[in-house]
Structure formats: structure tokens, C-alpha cells
Amino acid sequence: MTNLLTRTRPKVARRAQRIGLLVAAGVLAAVFLVRTLTGDIALVDLPNATQDLITLTVSVMIESLGFVILGLLISVLVQVWIPDRWIVKVLPRNTAARRVVISVLGVLLPVCECGNVPLSRGLIAKGFSVPEAMTFLVAAPIVNPVTILTTYQVFGFTDGILVSRIVGGFLIANLVGWLFSQHPTPEKLLTEKFAAECALPATDDHDHSGSRWQESRDLFAREAAAVMPALVLGAFIAGLVQVAVPRSVLVTLGSNPVWSVLALMALAFVISICSNIDAFFILPFASTFMPGGIVAFLLFGPIVDIKMLAMMRTTFTTTTLVQITTVVALMSATIGFMVNFHA
């Protein structure tokens, strides 16, 4: 699996990734510097709305940064240092039981949803069935220790949000896996290009010229370059929505058991934020939205959003993606409604 996940990238791509990482790191460094020098991020010369925007944005970034770094380190450990055979050994022969185990593999492979797409492609290339790879793809962003830890850090066991997220992610993943296992020819769920790649003899195109430490460094830089800008942008959007949208509108939407779910699912689809930090993003909304809406956001976003659909299109057909989106949306909304009903 490792040789499929850590391919050598062109120098231009690496340079772009490093620039993105440096820009994000620079923004974070500036934030911490201002916070340290001023003791507060609200400057008297700025309008109140701007002060509120800066305060909310920085708060989300500061709270989530440590967990993002933890997730990156664990991702590198799994992808570079853990042999593939260790994962294969834990899988049972029975197809249903196999999917159940695969749905909790995120505990061993705690990468965000961006990394789960190439991981799933690697599983298929190694001989996993398409429904098994789908099960992993859907479950891994939610049923993994980093996501669970960040969700607990933000919400604890309040209103059953944490438990609903874990159980909901597990159920949705196994439902998706079971539904697509009923397809008479699962290979047709794949794009023609990727199906052709899987049919080719396996080749080892992994670059062995560097050490594992160098490989770890490069992988950390690549994932950080993808996650850090998303962290900065996501935190800014969270603050902007809180400042720009009238509180009366948020209260009206958030207090309705139906609209609170649908509105936050739509938000999750648009912002495309990483599952490792989405709990920090949605925290400012917890005071105005019902817990079912929060749960629906935390279930739907990591599985289906603009960014994920674009990435999954490299592997699955458009029809398949529409079907996955429909199932996940219905299940996320149903679970959200149930949580609101019992709230």
C-alpha cells in the first residue's frame, strides 16, 4: 500500500506544495505573534465586526492546530512505517464480517478524507473488492482516533454528538458497502481509466532512492500543505459566517429540527473542511443550532463535499457518486432528525 500512496511527485508539484505550506505556516505564525505581543487579538482601531471576525478565526485555528499536527504525524507513521501485511492479516474471510472490520480500519489508518481516496484506490489495486474499498472510504474519515479525539475535545459527551457521530459513521459505511455489494458487476462502478490501471500487472514504481525518514518528511510536507491552508480558510469562513449572517437568521434556522439539519449539511458540502478539524469549525454554531444539525454536519461533510466528489471522480463513475451522495445524505439527515427528536 505504501508504494501506492507515496509516489514521487514532479518537482513543480512539490514546490507548489511547499509554497502552500509556507504560506499557511506564515499566517499561523503571524496570528500567534499578534496574540503574544498584544495579549489579545482585538485591536482598538478596528471595527467591532472585524475584531469579532479575527477573534473567531484565530480561536478556531489555535484550538485545532495541535490536533492537525497529531493527525499528520500518525498519518506518516501508518503510511511509511507500518507494513501492508499487518493490515491484511486482520481481515476475516466472510464478506459481511470483512466489511465490518474494514469500516474500523480508520483506527489504524487515521488520515483525513483527502488521504482516504488514494488509500481506497490502493486497496482496490491490491485486490480488495470495490464495495470493501467504499466501506473504508466512507468510514475512515469518521471512525478514526484523531477525528474521535477532536470531536470529544470539542463536545465531550454533550447531547450525544460524539456517540452519534461514531455510530452513525459506522452504520453509513456498512450500509454503503452492503448496497454496492449487491451490484452484479461492481467493477463497472469504477471509471474505465482506473479499472484499466487495476487490470495491469502490479509494478513497484516507488522511489527507493531516499530513506524512510526522507519519505516521512516529504509525506508530512505534502499532507500539511493540503491541510494547513484548509485550516486557515475553514477558520476564516466559520468566523465570517458568524459575523456576516444575522444572529436572528442563525437562531431561526438552528432552532428548527428540520432546517438545522439541512442547513448545516449544505454548509458542510460547500466548505469541504477536513474531518480532523471540522468539530472545531462547527463549535461556534453549537450555541444556535440543535445537536442534530451538528451531527448531520459531522457525518455528511467528511464523506460527501465538493472536494471529496472531485477526488472520488478519479476512481468512481458519476452515477456511482450520485448514488453514494444520495445514500449518505439520506442517512445523515435521518440520524440528525433522530438526534433532534430526542434532544
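Figure 1. Val101 counts as partly exposed, because its relative accessibility is 23%, and partly exposed covers the range between under 20% for buried and over 50% for exposed. The model shown here and in the following views is predicted. Val101 belongs to helix H5, which spans residues 95-102. From Val101 to Phe136 the separation is 35 residues in sequence, while their C-alpha atoms lie 9.2 Å apart in space. Phe136 is one of the buried residues of helix H7.

**Figure 2. The packing of helix H5 against helix H7.** The axes of H5 and H7 are 8 Å apart, and the two helices pack at an angle of about 30°. That angle makes H5 roughly parallel to H7, since angles under 35 degrees count as roughly parallel. The crossing in which H5 passes H7 is right-handed. On the H5 side the contact is made by Arg98, Arg99 and Ile102, and on the H7 side by Glu132, Thr135 and Phe136. Sorted by class, the residues of this contact are two nonpolar, one polar and three charged.

**Figure 3. The surroundings of helix H7.** The buried residues of H7 are Val130, Pro131, Glu132, Ala133, Met134, Thr135, Phe136, Leu137, Val138 and Ala139. Among them, Glu132, Thr135 and Phe136 take part in the contact with H5. Pro131, Met134, Thr135, Val138 and Ala139 take part in the contact with H9.

**Figure 4. The crossing of helices H7 and H9.** Helix H7 covers residues 130-139 and helix H9 covers residues 161-181; their axes come within 8 Å and cross at roughly 160°. H7 and H9 are therefore roughly antiparallel to each other, as angles over 145 degrees are counted in that way. The crossing of H7 past H9 is right-handed.

Figure 5. Asp159 is not a glycine, yet it has a positive phi of about 60°. With a relative accessible area of 52%, Asp159 is exposed, because the cut-off for exposed is over 50%.

Figure 6. Thr317 is placed in the loop between helix H16, residues 306-312, and helix H17. Along the chain, Thr317 and Leu189 are 128 residues apart, whereas their C-alpha atoms are separated by 5.9 Å. Apart from neighbours within four places in sequence, Thr317 is in contact with Lys188, Leu189, Leu190 and Thr191. For the protein as a whole, 83% of the contacts between residues at least 6 apart in sequence join residues at least 24 apart.

**Figure 7. The crossing of helices H13 and H17.** Helix H13, residues 259-271, and helix H17, residues 318-342, have axes that come within 9 Å and cross at roughly 140°. That makes H13 oblique to H17. The crossing of H13 and H17 is right-handed. Ser260, Val261, Leu262 and Met265 of H13 meet a set of residues in H17, namely Ala329, Ser332, Ala333, Gly336, Phe337 and Asn340. By class, the contact of H13 with H17 contains six nonpolar and four polar residues, and no charged residues.

Figure 8. The secondary structure comes to 17 helices and zero strands. Of the 343 residues, 48% count as buried. The mean pLDDT is 77, and 70% of the residues reach 70 or more. Over residues 1-10 the pLDDT stays under 50, and the model has 31 contacts for them beyond four places in sequence. Residues 202-209 also have a pLDDT below 50, and this stretch has seven contacts in the model beyond near neighbours in sequence. Where pLDDT is low, the predicted coordinates should not be read in detail.

Terms used: Residues numbered from 1 in each chain as written. Predicted model: local features only at pLDDT ≥ 70, side-chain atom pairs only at ≥ 80, totals over all residues. Heavy atoms only, no water. Axes fitted to C-alpha atoms, helices over the stretch in contact; angles between N-to-C directions. Helix = DSSP H or I, 4+ residues; strand = E, 2+ residues; numbered from the N terminus. Parallel < 35°, antiparallel > 145°, perpendicular 65-115°, else oblique. Left-handed = near helix turned anticlockwise from the far one by under 90°. Contact = heavy atoms within 4.5 Å. Nonpolar A, V, L, I, M, F, W, Y, C, P; charged D, E, K, R; others polar. Buried < 20%, exposed > 50% of the residue type's maximum accessible area, 1.4 Å probe, protein only. pLDDT = per-residue confidence, 0-100.
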